[in-house]
Amino acid sequence: MAIGSGLGAQLGISAESSYGTFVAPSKFLEFTKESLALKKTTAQSAGIAAGRLLPLSARRVLTRKEVQGSLEMEISNRGMGVILQQLMGTSVTPVQQGVTTAYLQTHTLASVAGKSLTIQKGVPLTTGTVTDKTLVGCKITSGEFACGVGEMLTGSFEIDGKDCDETQTLAAASYSNMSPFHFGQMALKTGTFGAETALDGIRKVSVKIERPQDVERFYANQASLKKEPVENDQVKITGTLESDYVATTLDDLHTSDGATSLVWEFVGPLIASTFFETFRITLPAIRLDEGPPVVDGFGVVKPTFNFTGLYDGTNQPKIEYISTDVTL
């Protein structure tokens, strides 16, 4: 019998071939928290009838359905490709590195039109029976990555979906042998694009990528369900750099409002030859918005710099992922 608590939960995903059409899960993710749920809009008849003190139950109608929520996880050395593709937009095929078992995925920023997920979650009853909640037409509207001293690299994703289907069969979960990326593997580099150098004093980094979309496409003839959300604003990339004040590099960039390329990477164990497990975010141009150092006591000065990621006119932001995954 399965465990009748969150210990018995599961979550599987698959990329959809068309928006809102169920695809059986092909990857099972280890997650730390989720809040994905059906959101419904109802309307209640307000008709007056002599002596009726309560609205009639039969005259309540369901006018709109959608899925909203978030998904949090540790970013691991396997199985992240589908999520990264949905966030960044590029259709990616892993490229074998040399003749090794290492494969590189390059997720360059692109349109997310036509990209959606089926997310199937198993929610345990206290009896141990695991109930099926299959969410279709799921679009990632933002993704945030963060890691600080002594921490794992984590990812938090906001999701908008079309519908919840509880008629599917819950897939049997299976998991790859995964290990999380962590602070001990972390490096941060800034400077000229393609020639960035290590930046000292960094204690914590976060990067958020927002994919604004019109999620209110409810029309007649759609049976209370939305059509695929459409991008309706430019991508927003923001982040923070928490540091000790060991040099004026970031401070000077804040003062001058100068641009710098930023590379935030995690390099794990060797896979083969010269290829290591890797998670890398490259932002070709960032500018610092606020965070000049201030002294608020006797301790080490610890400025936190907030930045905005921008287009340098040539190079797009990208996430590179090296793993042993032959496919997404």
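Biologist: What should I know before reading the numbers?
Modeller: This is a predicted model, where local features need pLDDT of at least 70, side-chain atom pairs count only at pLDDT 80 or more, and totals for chains, interfaces and linings use all residues. Residues are numbered from 1 along each chain as its sequence is written, and side-chain values use heavy atoms, with hydrogens and water left out.

Biologist: How many helices and strands are in the chain?
Modeller: Helices (H or I, at least four residues) and strands (E, at least two) are DSSP runs, numbered from the N terminus. Here the chain has two helices and 21 strands. Its C-alpha atoms fill a box of roughly 80 × 50 × 40 Å along the principal axes.

Biologist: What share of the residues counts as buried?
Modeller: Buried means under 20% relative accessible area, exposed over 50%, and partly exposed in between (1.4 Å probe, protein chains only). Of the 328 residues, 44% count as buried.

Biologist: How do I read the contacts by sequence separation?
Modeller: A contact means heavy atoms within 4.5 Å. Take contacts between residues at least 6 apart in sequence: 71% of them join residues at least 24 apart.

Biologist: Which strands pair with strand 14?
Modeller: Two strands pair if DSSP finds at least two bridges between them. Strand 14 (residues 202–210) runs antiparallel to strand 9 (residues 130–148), with seven bridges. Strand 14 also runs antiparallel to strand 17 (residues 236–243), with eight bridges.

Biologist: Is Leu-328 buried or exposed?
Modeller: Leu-328 counts as buried because its relative accessibility is 15%. Leu-328 sits in the segment after strand 21 (318–323). Leaving aside neighbours within four places in sequence, its contacts include Lys-27, Gly-81, Val-82 and His-107. Leu-328 and Lys-27 are 301 residues apart in sequence, yet 8.8 Å apart in space, C-alpha to C-alpha.

Biologist: How many salt bridges does a search of the whole structure find?
Modeller: Side chains of opposite charge can pair when their charged atoms come close. A salt bridge is a side-chain nitrogen of Lys or Arg within 4 Å of a carboxyl oxygen of Asp or Glu. The search finds 16.

Biologist: Which parts does the pair Glu-166 and Lys-133 tie together?
Modeller: The side chains of Glu-166 and Lys-133 meet at 2.8 Å, N to O. Glu-166 is in the loop between strand 11 (163–165) and strand 12 (186–191) and Lys-133 is in strand 9, so the pair ties together parts 33 residues apart in sequence. Lys-133 is partly exposed, at 26% relative accessible area.

Biologist: And Lys-139 with Glu-228?
Modeller: They form a salt bridge, with the closest N and O atoms 2.8 Å apart. Lys-139 lies in strand 9 and Glu-228 in the loop between strand 15 (213–214) and strand 16 (230–231), so this pair ties together parts 89 residues apart in sequence. Lys-139 is buried at 2%, whereas Glu-228 is partly exposed at 21%.

Biologist: Which residues join Lys-226 and Asp-160 in one network?
Modeller: Start with the pair. Lys-226 forms a salt bridge with Asp-160, closest N and O atoms 2.8 Å apart. Both residues are buried. Salt bridges that share partners join Arg-64, Glu-66, Asp-160, Glu-216 and Lys-226 into one network.
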